[in-house]
Amino acid sequence: MNTKKDKLVIFDTTLRDGEQSPGASMTKDEKVRIARMLERMRVDVIEAGFAIASQGDFEAVQAVAEAVKDSTVCSLARAVGPDIIRAGEALQKATAPRIHTFIATSPIHMKYKLQMEPEQVFAQAVDAVKRARQFTDDVEFSLEDGSRSEPEFMYRIIEAVINAGAGTINIPDTVGYGEPGEYGAMFKRVIENVPNSDKAIFSTHCHNDLGLAVANSLSAVMNGVRQVECTINGLGERAGNASLEEIVMAVRTRQDLYPVETGIDTTHIVPTSRLVSSITGFPVQPNKAIVGANAFAHESGIHQDGILKHRETYEIMRAQDVGWGHNRLVLGKHSGRAAVKARYEELGINFDDAGEFALVFQRFKDLADKKHEIFDEDLQSLVTGSEAPVEHYQLEDLEVRSKSGSLPQAQLRLLIDGESHRAEAYGSGPVDATFKAIESVAESGADLKLYSVNAVTQGTDSQGNVTVRLELDGRLVNGVGADTDILVASTLAYLDALNLLASGGGKRKGV
Ligand SMILES: [Zn+2]
């Protein structure tokens with residue numbers, strides 16, 4: 001007999017919880033770009049932000065709500081009136097809006113953080129769900145620090161919020177303390193003890209402090225949970241969240257075990273992972289499951305031999321099913337505007353204003369002169385640098401001398417607000433020399449917080465994707481640059497960061 005499996009709802013919170021990783025701030029346009037990729041991947045719910053947290057968050061939720069049509073778009077809101085109103089306003093144009101409201105229910109959080117009696121928490125939770133229902137029929141309620149809450153209190157509050165109209169009940173392991181057997185058993189008990197539990201979908205939200213976020217989430221799925229909250233590359237606060245790609249591929253690969261299936265188009269996993277990594281500047285470790293560069297590289301001779309004879313001997317998944325090998329040659333030097341634009345559209349990147357596309361097309365032409373094969377990843381990296389609204393700083397010319405046994409020297413010409421400046425400096429390495437030369441004329445006084453280089457595609461003619469994170473007066477910005485010459489990419493990334501600082505971009509820390 002072929003029984004139909006339950007749907008496992010994939011709730012992506014890369015843009016909300018993922019963005020809370022220290023330094024992983026994203027601009028509104030970057031969030032929209034990631035959201036479009038998530039929509040193409042057929043993620044069910046996209047949590048776009050925390051609308052009341054700042055004006056920037058509000059606008060980002062609003063922009064994602066307008067751009068995305070096929071996925072539900074969600075905003076987080078504490079269980080208080082102003083938060084819920086703000087979330088409702090930000091989601092006004094969403095095709096399928098969801099408000100996700102939460103309050104802490106563990107004794108330690110109620111007593112010390114909220115300084116509220118359990119009965120007050122109970123009343124506020126019910127009231128918040130009712131208010132949220134005035135904006136949308138799709139309301140999710142989270143019991144913050146739920147895994148450390150008193151069972152009886154939890155059952156009572158869940159029953160009441162379901163009666164008030166919450167369709168999804170999330171019990172997060174906020175502090176990453178859970179263990180798979182225990183966390184799964186908790187859901188089983190909750191579902192058994194809450195009289196109206198059949199009226200709601202239960203959800204997990206796990207943090208990876210002990211490396212158990214994915215295991216805990218999957219254990220919960222085995223015990224009746226039908227929504228998993230997760231992020232691309234496992235991005236998130238502290239050690240991160242459960243990683244979307246691992247959850248989705250575990251469920252898909254072990255269909256013999258899991259009672260559920262997802263609606264995810266897995267071929268978009270690797271391109272989305274790359275996009276998130278290049279926007280946040282957080283590289284993916286090579287041995288990371290599914291999306292790491294070595295995830296499908298079989299080194300051992302015995303393994304290679306086995307795979308050549310029969311792939312399933314050592315490979316449990318096919319690399320192309322998660323989007324590897326999809327970086328096929330698409331375009332080159334002779335490709336015209338229409339072809340380039342069409343390929344961008346297929347990648348979920350639309351250019352609303354002609355000026356922005358003209359800039360990107362020029363970069364494409366410049367790259368095609370240096371590198372004859374242009375892959376999807378290259379196209380994506382060409383758009384990530386165009387965020388700073390005003391280009392105060394532009395590179396005119398760069399020359400770096402580096403010789404073993406002597407100090408590297410950089411000489412460059414910068415255009416600062418239209419005026420040409422020359423600078424030179426020595427440094428402990430060629431990148432250091434270049435940055436010192438830039439600072440000798442720009443005098444921003446910003447601190448360099450992160451410098452990272454990633455190859456966009458394989459091979460030595462690959463583009464280097466550089467992220468430079470600068471901090472000035474408590475404001476953090478991520479500048480990005482891509483070029484086949486990593487020193488040029490580094491310079492462009494540094495100037496991009498300076499342009500973001502000069503135009504008031506970036507994000508205040510701790511918001
Ligand atoms: Zn979280």
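An unreviewed UniProt entry lists Asp 17, His 205, His 207 and Asn 241 under "binding site". These residues span 225 residues in sequence, yet no two of their C-alpha atoms are more than 10.2 Å apart, so they gather at one spot. The model is predicted.

**His 205**

- His 205 belongs to strand 8, which covers residues 201-206.
- With a relative accessible area of 6%, His 205 is buried, because the cut-off for that class is under 20%.
- The side chains of His 205 and Asp 17 are joined by a polar contact of 2.8 Å.
- Beyond residues up to four places away in sequence, His 205 touches a set of residues that includes Thr 13, Arg 16, Asp 17, Tyr 183, Glu 229 and Asn 241.
- Asn 170, Ile 171, Pro 172 and Asp 173 are also among the residues that His 205 touches.

**Asn 241**

- Asn 241 sits in the loop between strand 9 (227-230) and helix 9 (244-253).
- Asn 241 is buried, at 2% relative accessibility.
- A polar contact of 3.4 Å links the side chain of Asn 241 to that of His 205.
- Neighbours within four places in sequence aside, the contacts of Asn 241 include the listed residues Asp 17, His 205 and His 207.
- Other contacts of Asn 241 include Thr 13, Cys 206, Asn 208, Ala 213, Thr 231 and Leu 235.

**Helix 8**

- Helix 8 runs over residues 213-222 and is mostly covered, with eight of its 10 residues buried.
- The buried residues of helix 8 are Ala 213, Val 214, Asn 216, Ser 217, Leu 218, Ser 219, Ala 220 and Val 221.
- These buried residues pack against strand 7 (168-173), helix 7 (180-193), strand 8, strand 9, helix 9 and strand 10 (260-261).
- Ala 213, one of the buried residues of helix 8, is also in contact with Asn 241.
- Gly 224 follows helix 8 and has a positive phi, near 110°.

**Nonpolar surface patch**

- Strand 14 (residues 447-455) supplies the largest share of the patch, three residues.
- Leu 448 lies in strand 14 and is partly exposed, with a relative accessible area of 44%.

Definitions and conventions:
Residues are numbered from 1 along each chain as its sequence is written. This is a predicted model: local features need pLDDT of at least 70, side-chain atom pairs count only at pLDDT 80 or more; totals for chains, interfaces and linings use all residues. Side-chain values use heavy atoms; hydrogens and water are left out. UniProt positions are given in the numbering used here, feature names are shortened, and annotations may be inferred rather than shown by experiment. Helices (H or I, at least four residues) and strands (E, at least two) are DSSP runs, numbered from the N terminus. Buried means under 20% relative accessible area, exposed over 50%, partly exposed in between (1.4 Å probe, protein chains only). Contact means heavy atoms within 4.5 Å. A polar contact is a pair of N or O atoms within 3.5 Å; within protein, one must be able to donate a hydrogen and the other to accept it, and residues adjacent in sequence count only if both atoms are side-chain atoms.
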